Each structure stands twice: as structure tokens, then as C-alpha cells.
Amino acid sequence: MRPTAKFSISFGLVTIPVAAYNATDTSASVSFVRIHTADGGRVRNQPVCSLEGVEVSPDEIGRGYRPHDADVVVPLSDEDLDALPLPTAKTLTILAFVAGGDIDPLQMGKGYYLATDSPAAAKPYVLLREAMERHERVGLGKIALHGRETLAMIRPMGDALVMQVLLWPHQIRPMDGVLPEREVEVHPNEVAAAETLMDSFGELSEEDLHDHYREALDELVSAKLAHREPEFDTGEEQPSGGQVMDLMAALQDSVRAAKRSRGEDEGDEGRAAAKRPAKKAAAKTSTGSGTKTGTKSGAKSGTKTASGAATKSAAKKSTAAQSATKKTAAKTTAKKKTAGRGSRRAG
């Protein structure tokens, strides 16, 4: 991989020579060529001189600049551009360190990997990377790339430094005509339902990051070359977009659809919901159970107490009966003895 540019990062009085490599590969994206629909011939962009109407060869093409306040093009040579007093032409001077979240993603452009361009650059390179990583900051500066000065952001990424080209603030268009024309009121329960839907999406998978369009396009082209019908893997049918009449119903249906797409049983949600009040019910049951248990325990205790009292009463009655029996038997014996003595005297 060849570097697209070489320059130095100026970090205070520290200079770090680096080489920039393209971090993205645009050739892997889907691209079409223009053709003549009548015969399929290629339609090419040919450089033609607007004054002479003839095709111009590449070695005859130069650069020119048209000022905003004039309808004229001023020719500029490479020598003219090299003579510009631009300190950013060969050096990226870091102007400030800010939190990464302060950078508007709309400003972010092409990314470059930065590699050290000399053995002496290794230590300050690692020092800058470690300092930004620990301080959770990114560096902002300016650099001239491909004949244009641009804002740039330096940030740590793993063991390397990455440079992200940034658009100038004036290149971000205002949001005129984008916002809804009237004020919209959103209820808290709708926001909560939307958050539940967000949570149901889960994590990204490798299949989500697959370019299905390119794959389907390759199949379509192969089928045309083989004079056959294309075989597409349609997968899960996508919901058709339409006017949302009931927002809450749409959010709830979306949550259920997201769960089904991950293979979760619809009953899981119901069981999970049933478990939540079940805990409360279990607490109530536990409280009631304790009351009932206490009642039963008290009843048993009362029964035992009553039983003990009855036993003691019966024992007392039995003892009294036995005592009465003994007294009666003693009286009977005494009468018999008296009668016997009287009988002997008479004889």
C-alpha cells in the first residue's frame, strides 16, 4: 500500500514525520458504467476544450481558478501553487485538543492511517497516541491535501493514529425546511415504548454488516450471462412502509417483530411479564401464609392447651372417684364386721 501524502505533525515543539495511507477502499463499492442503450456501447467522459471543441490530451490539461466575484478563469501552474506561503502544506499543526463528542459527525470526511516515516518518529508517535488515549481527547489541526487546505482530526485507534479530514463549518448547510412545520407533542409513554424498541434490537452481527446488494447484483449479472433466471435469497420479508395511524401499536408490534427476528419465543415476553407481578403475589402469599400459619399454629397450641386441661380435669375426676370407691368399700367392710360380731354374740 502506497502512502497518499507525507507530512509532519507539529505537537508543540515536537515534530512527528508521518505518512498517510487511505483507510477506506472505494473500489469495493458498487459502481456502474454508462452505456448507449441502443447498442450497449460505453459512453465515456472525454475532455473537450470549450473554445475549440476538440478533445484535449492529459498532458495538455492544467489547473485554473475562478474567483467568486468574476466570470473569468485564472490559470495556475504547479510552481504558483508551491510558492503559496502555506505552513500547512507540509505540516499538520495541532491547534487544540477537544473531546471526540464535540466533533459534528456531519463534518467527518475521508480517513487516513498515519504511520511513522522515520525511526526517530516512533517515540513521539507513541507518546502522542498514549496521551490522547489517556486524556480522552482528539487533536484538531489544519493540513493541505491534494491542493486544498482542510481541517483534520487526529485520534488514537488501537495502536495507531488515524487522521480524519473534516469539512469547514461553512460547508455544512443549514437545516432550513428540514424540521416539522408544526410543533409535535410526544407523550412519555411513547418515548418509553420507543426506548423498549431500541433495547430489543440487540447488537450488530456480521450478517448485518454484509453487502447484500452487491451479492444480489453479482447474481443478477451471472444469470444474464448464463441466460437463466436469477436465484435470490430473499430472506425475511421486510415490512412495507406506510402511514402510521397508531404510533403506540406500531411500536409494540415492532418490539414483537424484533424479538421474532432473533428467534425469541413470543411467550417469553408474556412469561417475563407474568414473573414480574408473580413476585408481588409471592410476597402477598408469603404474608398471608404467615398469618395462616400463625393461626394454625395458635389453633394447634390452643388445642394442645385445651387437651392438657381436659386431661388434668379427667385425672382429678378419676382420683376423686377412686377415693369415693375406697371410702364406700371401707364402710361396707365395717358394716360386715359389725354384723358378724353381733351374730356370734347371739349364738
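## Surface and overall make-up

Accessible areas here come from the Shrake-Rupley method with a 1.4 Å probe. On that basis, the protein chain in this predicted model has an accessible surface of about 27700 Å². Carbon and sulfur atoms account for 55% of that surface.

The chain runs to 347 residues, and 15% of them count as buried. As for its secondary structure, you'll find six helices and nine strands. Now take the contacts between residues at least 6 apart in sequence: 58% of these join residues at least 24 apart.

## How confident is the prediction?

Across the protein chain, the mean pLDDT is 76, and 72% of the residues get to 70 or more. Which elements sit at the two ends of the scale? Strand β9 (residues 160–166) has the highest mean pLDDT among the elements, at 95, while helix α6 (residues 266–346) has the lowest, at 44.

Next, a pocket to look for. The second largest pocket has a volume of about 450 Å³, and 18 residues line it. Which of them lie nearest its centre? Those are D82, A89, A144, H146 and G147.

Several elements give two or more residues to this lining: β1 (5–11), α1 (78–82), β7 (138–145) and β8 (148–157). Sorted by class, the lining of the second largest pocket holds eight nonpolar residues, seven charged ones and three polar ones.

## Two residues with positive phi

Finally, a couple of backbone details. E136 is found in the loop between α2 (122–135) and β7. Its phi is near 55 degrees, a positive value in a residue other than glycine. Is E136 buried or exposed? The relative accessible area of E136 is 61%, so the residue is exposed, given that exposed means over 50%.

H227 sits in the loop between α4 (212–225) and α5 (247–261). H227 is not a glycine either, yet it has a positive phi of about 55 degrees. With 76% relative accessibility, H227 counts as exposed.

Definitions and conventions
Residues numbered from 1 in each chain as written. Predicted model: local features only at pLDDT ≥ 70, side-chain atom pairs only at ≥ 80, totals over all residues. Heavy atoms only, no water. pLDDT = per-residue confidence, 0-100. Helix = DSSP H or I, 4+ residues; strand = E, 2+ residues; numbered from the N terminus. 1 Å grid on protein atoms, 1.4 Å probe; cavity = no way out; pocket = protein on both sides within 12 Å on 5 of 7 lines; lining within 4 Å. Points joined across faces, edges and corners; volume = space filled by probe spheres on them. Nonpolar A, V, L, I, M, F, W, Y, C, P; charged D, E, K, R; others polar. Buried < 20%, exposed > 50% of the residue type's maximum accessible area, 1.4 Å probe, protein only. Contact = heavy atoms within 4.5 Å.
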